[in-house]
Amino acid sequence: MADTLVERRSIDVVPDDERHGTAFSQFTLWLGANLQITAVVTGALAVVFGGDVVWSVVGLLLGNLLGGAVMALHSAQGPKLGLPQMIQSRAQFGVRGAVVPLLLVILMYVGFFASGSVLAGQATAELTHTNDTTGIIVFAVITAVVAAVGYRVIHVLGRVASVICAIAFIYLGIRLLDRVDLSALLGDAHFDLPMFLLAVSLSASWQLAFGPYVADYSRYLPRTTSGRATFWWTLSGSAIGSQWSMTFGVLVAATAGDAFLANQVGYVVGLGGTGLIASVLYFVIALGKLTINVLNTYGGFMSMVTSISGFRGQKTLSPRGRAVYIALIMVAGTVVALLGKDSFLTSFKDFLLFLLTFFTPWSAINLVDYYLISKERYDIPALSDPEGRYGAWRWDALTVYGVGILAQLPFLATHFYTGPLVDPLGGADISWIVGLAVPAALYWLLARRDTSHIPTEPEHAPEEGGLAPVRKGG
């Protein structure tokens with residue numbers, strides 16, 4: 001069964017005899033997932049909203065490195081525990097309490113599925129000679145089919161996309177540099193703190209949003225896989241891929257102006273050429289978006305199962321159940337894409353920054369608990385039992401999570417809400433920094449006072465048959 005293409009695991013622990021691969025697989029997956037059109041648009045937003053080329057690129061790089069480091073620390077948990085990312089949240093929030101961040105995570109997946117489908121739908125429509133609505137629907141169905149096959153095909157897709165998309169971006173970069181006066185763009189640098197911090201926030205939010213599912217794609221690695229290697233290959237793949245795409249977006253936005261804003265996909269393809277070359281580039285755009293949208297669909301399915309299983313005690317899932325969950329994510333994401341396709345840029349920027357408000361406190365709590373409080377020791381069977389050592393609801397973590405969200409509001413700047421401390425800071429949005437620091441400090445202070453829920457050694461589930469019965473207490 002270990003060599004079966006169609007995945008049979010869902011939220012249950014991956015036994016050692018089904019583990020495979022190397023940490024390098026994380027590099028190709030996350031490089032391929034980030035060399036894509038939505039990352040290009042994210043980089044472009046830094047210029048669209050007022051930044052210059054030099055400081056936008058520097059700000060995006062800083063955000064990719066900072067947010068990518070947090071994301072990669074989550075990735076390193078996968079080989080150690082063999083579990084999906086959000087199941088691990090039960091150790092902090094309780095078996096049922098984890099549903100609170102999970103509901104927001106599911107919303108994130110639907111949102112990213114929708115935003116990706118808007119751009120990929122344009123490319124698919126060109127390839128199939130249909131309209132954008134048909135293109136979005138066709139792309140969504142293909143995404144759902146690939147996600148249903150599961151882990152192995154996702155990594156194969158990542159390897160293929162990393163090579164094909166890298167070649168395409170090299171070609172497009174050469175074509176772009178032939179058109180622009182790079183020295184003039186670099187010479188027009190003027191540092192503006194709010195715009196610089198916006199660039200940092202855009203790329204940091206891009207990376208941090210991967211946090212709730214990044215371990216889903218490292219959990220099949222052998223238990224002996226180095227955590228350090230997993231961290232560095234994940235960070236390098238994600239940071240290189242996103243910075244490459246975002247820098248391209250900065251240059252395009254700085255030189256193309258309204259031509260790019262009116263039709264992001266069409267402009268990028270037109271930059272490369274016409275005829276056969278254009279068709280190839282439309283395919284590359286659809287392939288890049290397929291890679292990341294499959295991750296969003298698969299992650300959404302995992303999060304939905306995790307949410308429901310906390311109340312139903314469900315440990316495994318049938319192929320039919322898997323297909324139903326994936327179809328729900330696909331339908332919801334497609335509906336949002338069709339409704340929002342005409343106001344994409346503004347909506348996407350606000351969506352990214354708003355998401356950050358909810359996921360930075362979760363990341364802070366999860367990482368502090370795993371690395372500093374529990375020190376990588378979790379009772380894995382207890383993660384499925386609300387009467388076990390982690391309980392149904394852990395109100396200390398849930399309270400810290402709520403405080404972490406509220407602490408950001410005075411510093412938050414979006415189209416539909418601006419906090420009272422944004423203007424005194426010159427319009428800069430530093431909410432994500434507050435969202436990491438405040439809950440990290442609070443959770444560390446609270447959790448270290450009571451460590452009765454922490455096992456002295458990691459306690460693993462049996463090799464087959466799902467999760468074992470739980471030993472009660474500490």
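**What the labels rest on**

This is a predicted model, and Ala123 sits in helix α6, which covers residues 99-128.

Q: What does Ala123 touch, leaving aside its neighbours within four places in sequence?
A: Ala123 is in contact with Val265, Tyr282, Ile285 and Ala286. Contact here means heavy atoms within 4.5 Å.

Q: How far apart are Ala123 and Lys289 in sequence and in space?
A: They are 166 residues apart in sequence, with 9.8 Å from C-alpha to C-alpha.

Q: What makes the phi of Glu376 worth a look?
A: Most residues other than glycine have a negative phi. Glu376 is not a glycine, yet its phi is positive, about 70°. Glu376 belongs to the loop between α16 and α17. Lys375 is in that loop too, and its phi is also positive, near 50°.

Q: What makes Ser226 a cap for α11?
A: A side-chain oxygen of Ser226 lies 3.2 Å from the backbone nitrogen of Arg228, at the N-terminal end of the helix. The cut-off for a polar contact is 3.5 Å, so the pair is within it.

Q: How does the reach of α11 compare with the expected span?
A: Its 30 residues (227-256) reach 43 Å from first C-alpha to last, close to the expected 44 Å. Just after α11, Gly257 has a positive phi of about 60°.

Conventions. Residues numbered from 1 in each chain as written. Predicted model: local features only at pLDDT ≥ 70, side-chain atom pairs only at ≥ 80, totals over all residues. Heavy atoms only, no water. Helix = DSSP H or I, 4+ residues; strand = E, 2+ residues; numbered from the N terminus. Expected span 1.5 Å × (residues − 1). Polar contact = N/O pair within 3.5 Å; in protein donor to acceptor, adjacent residues only side chain to side chain.
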